[in-house]
Amino acid sequence: MAAEPARSGAPAPNAGPASSNTGSYTGAYQARPDRERVEERPKGRRLAILSLTALGVVYGDIGTSPLYAIKECFNPSSGVLPTPENVYGALSLVVWALTLVVSVKYLSFIMRADNRGEGGILALLALIQRGLRGRVGVVPVTVLITLGLFGAALLYGDGVITPAITVLGAVEGLQVATPVFGRLVVPLSVLVLFLLFLFQRHGTDRIGKVFGPVMLLWFITIAALGVAEIMREPAILRAVDPLYGIRFFQHNGWRGFFLLGAVVLVLTGAEALYADMGHFGRRPIRAAWFVLVFPALLLNYFGQGALLLRDASAAENPFFRLVPPAMLYPMVVLATAAAVIASQALISGAFSLTQQAMQLGYSPRVTITHTSKHEAGQIYISEVNKALMVGCIGLVLGFRSATALAAAYGIAVTGTMVITTLLFFFISHDEWKWPAWKAGTFLAFFLVIDLAFLVANAVKIEHGGWFPLVVALGLYIMMSTWKRGRTLLQELLRSASLPIDLFMEDVRRRKPPRVPGTAVFMTSDTTGAPVVLLHHLKHNKVLHEQVILLSVLTADVPEVPAAERVRLETLGEGFYRATAHFGFMQTPSVREILSRCEPFGLKVRPGDTSFYLGREELIPTGSTPMARWRKKLFVFMGRNARAATQFFGLPPNRVVELGAQIEF
């Protein structure tokens, strides 16, 4: 008979072995508290607080784009001179890019595709895996998963470039004061980045409280700078007319088209609006955008355009040329603070992305440290932090200017935008049952815009655009290899296991000696007797009085409610099967799982409990359908994954590992 505290449904179809698909936290053997649910429709003071907080987390990246976007539009290498006609045209493109892509596409459409409140491309990928099985029209779901996975990999490239370009763009303001500071830009940028990544291990719980007010001051300041210049040249407001953008293309031809590679810089961070939806909800993010961020950005961009109408030489650095000389140094400090906040948002996003990838089975085990006692979403991953730090500092030393880095930036942004548009189309048409004309209109309209930005950036590949593509390709290969390898390994282990009915019948017939205590066997197989149990019985020839077969699986949802998390089944002869389901934004705890079994008669004393884990030594052969080089990569990744003991937060002195060689 079975005692079931909760039913969480069938195991997630993508859930791999228990030792590979769940997260952990350093030095912990306690359950993490469930995250507090974000209010769907906050009002009044609560809405204002959430909107202010969103300023510091969501809008740091897009909010610092004025530091370099207009500057890159009129960079000498673009071949577009800052004549009045070109200023009106380029500014019109900026205005309508922000309006159509951010205000309409992301805030009005993309944010509807939430996975139980969570956003981001991996949440979108999980939504596809859960809702669109087999084939979607003529497109296999595997193709969509590949697109989503590559889009996630591109976000890592974005996470490396954003801190480097924003910090460089802020510190370069010193050159406006005097060229003497030019030689200090790179070393100061490296120092700021080093301190930023060094601070990560302490968490963002405290400093996060000041992010919102600092960004509020930033947006008010850049808006005021823009207004002051607009009052001198109010005619610049005519650039809101889209005809100026059309005429710009007609006048400049291909040079005008390729300028879109610079215009897209005003959209950096748009994906963060979607990715951070789970932290704040739609309403605060939309309120912050339409009430403050969007108007402030437009006013500053119009101000930079007005300045260029008066003084074309300001194209060298139009943002800092807006600043009165007496306020230049304080503005550099404020811009650097805003750049750090923008960088922090991308770094934290990389941590969350890694956690989701690991939970969904696309990444090996890593050590996740929770940096807040109250917010489950605030995490730190040492391996990711070190990789980002090396990448960011390497970019600063290699490219040495925001202008040089701008070429690398656009590819990552536009590539992710295209993939998000495609995935949204399939979800809206095949899962939400939008009419073909409605979903097709969305796809045609926004895909034309996204592809235009992507093609315009393609010419920059040789000038730095190759970097995010190389990063994305490398990460995609690693993630897809890990997922495929774990699937094949799971099939091998399942074939070596024994049906649980036959095993229990053998136990009843042979009646092996029983020793006091509890043995917990970790396994991903929720039906058979795990290989590690068979090895234990074969070599030790005894069983504990109480045996628990524990499977920890990850569902295709962000969170599984506590009441539905654990299912317990009594098998007889002192055997139990416990199946725990966690969402891809949750961190499992073995102690929590076992404690949830106690109300149903399963008593576990920590001092009398042993945990048995399997450790497979893989030998690459031709026995599985996978390229040999990918097998070697899979083996390498597995050897460098965090130990299962630390991964599950198990007491080291209570763990027994049984090894086996497997031809793979």
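Which residues does T162 touch, not counting residues up to four places away in sequence? T162 touches D61, A342, S343, L346 and Y409, where contact means heavy atoms within 4.5 Å. This residue lies in helix α6 (residues 141-171); helices are DSSP runs of H or I with at least four residues, numbered from the N terminus. At 0% relative accessibility, T162 counts as buried, the term standing for under 20% relative accessible area, with exposed over 50% and partly exposed in between (1.4 Å probe, protein chains only).

The model is predicted: local features need pLDDT of at least 70 and side-chain atom pairs count only at pLDDT 80 or more, while totals for chains, interfaces and linings use all residues. Residues are numbered from 1 along each chain as its sequence is written, and side-chain values use heavy atoms, with hydrogens and water left out.

**Nonpolar cores**

A nonpolar core is a set of buried Ala, Val, Leu, Ile, Met, Phe, Trp, Tyr and Cys residues joined through side-chain atoms within 4.5 Å. The largest one holds 190 residues, of which Y59, L98, W218, F219, L267, W289 and F453 touch the most other members. Helix α6 gives the most to this core, with 17 residues. Apart from it lies another core, of 16 residues, including I500, F521, L533 and V547. Neighbours within four places in sequence aside, F219 is in contact with L55, Y59, G63, L292, V293, A296 and L297.

**Aromatic pairs**

Rings of Phe, Tyr and Trp (its six-membered ring) pair if their centres lie within 6.5 Å; planes under 30 degrees apart count as stacked, over 60 as edge-to-face and the rest as tilted. By this rule there are 25 aromatic pairs. Two of them are set out below.

| Pair | Centre to centre | Angle between planes | Class |
|---|---|---|---|
| F424 and W434 | 5.8 Å | 80° | edge-to-face |
| F445 and F446 | 5.0 Å | 90° | edge-to-face |

F424 belongs to helix α19 (residues 402-431) and W434 to the loop between α19 and α20 (436-458), so their pair ties together parts that are 10 residues apart in sequence. Both F424 and W434 are buried. F445 is partly exposed, because its relative accessibility is 42%, whereas F446, at 4%, is buried. Ring pairs link these residues with others into a cluster of F109, F424, W432, W434, F442, F445 and F446.

**Charges over rings**

A charge sits over a ring if NZ of Lys or CZ of Arg is within 6 Å of the ring centre and within 35 degrees of the ring normal. R247 lies over the face of Y244, 5.6 Å from the ring centre. K483 lies over the face of Y362, at 5.1 Å from the ring centre.

Definitions and conventions: Helices (H or I, at least four residues) and strands (E, at least two) are DSSP runs, numbered from the N terminus.
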